[in-house]
Structure formats: C-alpha cells, structure tokens
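Hi there,

Here is the structure I promised to pass on. Have a look first, and then read my notes below.

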Amino acid sequence: MPTSLRGIANRARQDKEARFGNLCGLLSVDNLRMCFYGLRKNAATGIDGVTFGEYEERLEENLTELVERLKAKRYRAKLVRRRNIPKGEGKMRPLGIPALEDKVVQRACAEILTAIYEEDFLDCSWGYRIRRSPREATWVLETELHRGRYEWVVEADIRGFFNNIDHDWMINMLEMRVNDRAFTRLIRKWLKAGIMEEDGQIVHPATGTPQGGIISPVLANIYLHYALDLWFDRKVRKACRGACYLIRYADDFVCAFEYREDAENFERQLYGRLGKFGLEVAEEKTRTIRFSRFGGKQNGTFCFLGFEYRWVLRQTGKQGVQRRTAPKKKRESIRAFGEWIKENRHTPLKRLMEMVRSKLLGYLGYYGVRGNLKDLSQVFHWCKTLLFKWLNRRSQRKSYTWIQFLQMLKSFQIPTPRITETGPDPQLSLFA
C-alpha cells in the first residue's frame, strides 16, 4: 500500500467519524501507473477497443494527459460494453466491460475507498476483501453453525442487486466518509455511464452499477455495509432474545438464530429494510429453516457460495455440519465441462490435457473440502467419461480403450479427486 493510502487507513481506523477530502489529489501519474500495471493484460477490451499493449506504448504521455483531464474536470466516462455470459439453467449474467482508461481510474479510486472502508467493514463482510477468500468464508460459516447455539437459519436472496443500487443512496453513503465533491462526481459518472448492449443499443441506467466494473465490488460492499450489516449489528442483534449471526459475501448472505421467533421477525423486517434502499428480496428464494443438531428429520438444507450445508451423523457417532457441492453447481460443472470438451476435442492432445488438468485443479482448489470427497468423485467420474467419449470421436476410428485412456491420464498427470483444504479442522476450531 502506498504511503498516502496507509495514512488514510490509519486515520480511518483511529477516527470512525473522520471525512476525507482532496482524494482526487491522489490520482497522480505515479499512482495511476501502479494501477495500470495491476490490470490484467489479456482482459477483454472496452468500447474503444484499446488493449493493454497499445496503451502501454505511450504510457507516460497517456497518463499525463489523463491526469490533466482529471484536474481540469474534462474527464468523461466512456460507454460500458455489455457482455452476457451463461449463468446456468438457461439464464444469463450481464457483465459490464469499461474502457481501459476508465479501468485505470476506477482501480485507483477503488484502492482509495478500500483504504477508508476496510477499517469500517464488519467481520461479517467477506466479499472482495483483502485476505478473505470465498472458500474460507464457507469454512467459517460451517464452524460457526457447528459450534454455535443456533437452531434456525434464514436463507435470503436479493433480486438483481447490482442492477438496483440506488445512485442517490450510494452517493449519500460515500459522503459519510468522503468530503470531496470532485471524487464523488467521478463515482456518479461511472454509475450514470451509458451501456452498449450486444445488439448495439445504448441504455442509460437510472440505477445500478455494472457487474464487472473494477469499482463495483467495493461500492457493493459499502452499500450493503450501511443497508444490511450495520442494521443487523446495531438493531437486529439487540432485539433478539438469543444468539444471532450474519455472514455476507457480496450480495449473498445467510443469517442464523437461536430462536425461531427471532428468525421469523428478521425475515419479516428484511423486506422493508432492503426496500428502503431500492432493493428487492426474492421471495421465492427466501425462507426460514430448522438447522440444529437436535433437529433430526425436521432439519433443512441451504446453499452458500456453491456449497450445500446439512447436519449429518459423523463416523464418530456425533452430529456435525457438512459442506458438500451444491447439487445445482455439480450439474452445471458437469454440463459445462461436457460442452467445453465437445468444442475443443480437436485441440492437439498435449495442449488439451494441459487445459483439462488446469480445470480440474481449479475445481479441486475450491470444492476439495473435508467431507466432500463423494461429490468430488462423482464430478471427476463424469468428466473422465465425457473426455473419453469425445476423444474417441476425434476421428472415425476409436482412439482409446478404457485402460489406454486411464494410462494416458496418468502420463499427463491429470489429478484425481482429493481433499485440498488445509485449514484448521472444524472439530478443533478456535470458535469453540
């Protein structure tokens, strides 16, 4: 962290009511250069088509001219290019791709906001934060539910969160800590930037922030910090008769309660609370379920960050919380692998096996948690079956027998299902 940002972080930690001015002064050539080299070199280009390499050729001139435009308030946010990617079950996820120059300035502003708000965010917030991974969040939730006195879980979903962020509320929240109108005007420019759809149509959004923009994650965290986290910590917790707990990763969150009455009260109040900030709770995906070591057959299951949580009887004869791959995610992974191998089956074998190995290692890196070996084995079995099927359709002749195929996988060091989680055993958790 640069010295200037470290000073901001220290002051934000010491004075929870401090407001920070002259933040645009931090958008210097040196800081923007660091932000430029923090971008992905092979990322998709924005509406202007400028690539990382093209901008780098005249980097110093480009950054100097950019800083001059920022100082003279002549900077204009370019249109955001919309790209829809498959989300599963026939649904599409709209991603916004800003122009490269907008990415540079957004990254600089995101680092400034992170230095301020990282000191404000509560422990329940896990999304897009330093040294906090989604898999670690799933382990923390498992441990908390296993050791805590919770009997009920509220599983909730915010409908179209990134598309429904209210711009005025967003700016009001920023002004709680930011006393720089030029800086907040920059943020508003990105919020109001037009979006070019894939068919060429230009849309000017009245709400929301493009999902995929570099500034969007920290803005989302700030929005839900005020709309949900602080409300839960200062209002809901005090009103509960028993223990309660909240964990949130971006707009995905789960709440646990000791008493059913507290859980049901929270679920009822949630609609009004989020509605105040222009957000809508997806009623069909929001429910209160029994989730207790004493619940027996009355216990339900719920999903968080791709894992399904349930109470099971362990080999030790004791009840415990188990994380396993959510059935929906398991089906999506197998379907996606099948489509990918079908399209890439004619890739040279060595390169193809390198890609297969990378995909399976990535899958193990996330889903290889304790208690999930059975589901891992199922996914790997289907992936091998699909790989065997399409490799034997590369030509009119059958390429491999099953034995030859297994030998080939071994020669290319294709991973086998295994547990990769190395964190503390939940049975020995410090949460006890």
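How far is the sulfur of Cys24 from the closest cysteine sulfur, and in which residue is that sulfur? Please keep in mind that this is a predicted model. The partner to check is Cys109: its sulfur lies 6.6 Å from that of Cys24, which is too far for a bond, given that a disulfide needs the two sulfur atoms within 2.5 Å. Cys24 has a relative accessibility of 24%, so it counts as partly exposed. Cys303 is in no disulfide either, with the nearest cysteine sulfur, in Cys255, 16 Å away. Cys303 is likewise classed as partly exposed, because its relative accessibility is 32%. For the structure as a whole, the number of disulfides is zero.

E7 pairs with strand E3 (residues 152–159) in the antiparallel sense, over six bridges, and Val153 stands opposite Ala256 of E7. Strand E6 (residues 244–249) also pairs with E7 in the antiparallel sense, again over six bridges. E6 and E7 form a hairpin with two residues between the strands, where Ala250 takes a positive phi near 55°.

Now to helix H4, residues 59–71. With 13 residues at 1.5 Å a residue, H4 should span 18 Å, and this agrees with the 18 Å between its end C-alpha atoms. Which residues of H4 are buried? They are Leu59, Asn62, Leu63, Leu66, Val67, Arg69 and Leu70. Viewed down the axis of H4, these buried residues fall within an arc of 160°, so they line one face of the helix. As for what covers the buried residues of H4, the list includes helices H2 (29–36), H3 (52–57), H5 (100–117) and H8 (181–192). After H4 comes Lys73, with a positive phi near 60°.

Technical notes:
Residues numbered from 1 in each chain as written. Predicted model: local features only at pLDDT ≥ 70, side-chain atom pairs only at ≥ 80, totals over all residues. Heavy atoms only, no water. Helix = DSSP H or I, 4+ residues; strand = E, 2+ residues; numbered from the N terminus. Expected span 1.5 Å × (residues − 1). Buried < 20%, exposed > 50% of the residue type's maximum accessible area, 1.4 Å probe, protein only. Arc of directions from axis to C-beta. Contact = heavy atoms within 4.5 Å. Pairing = 2+ DSSP bridges.
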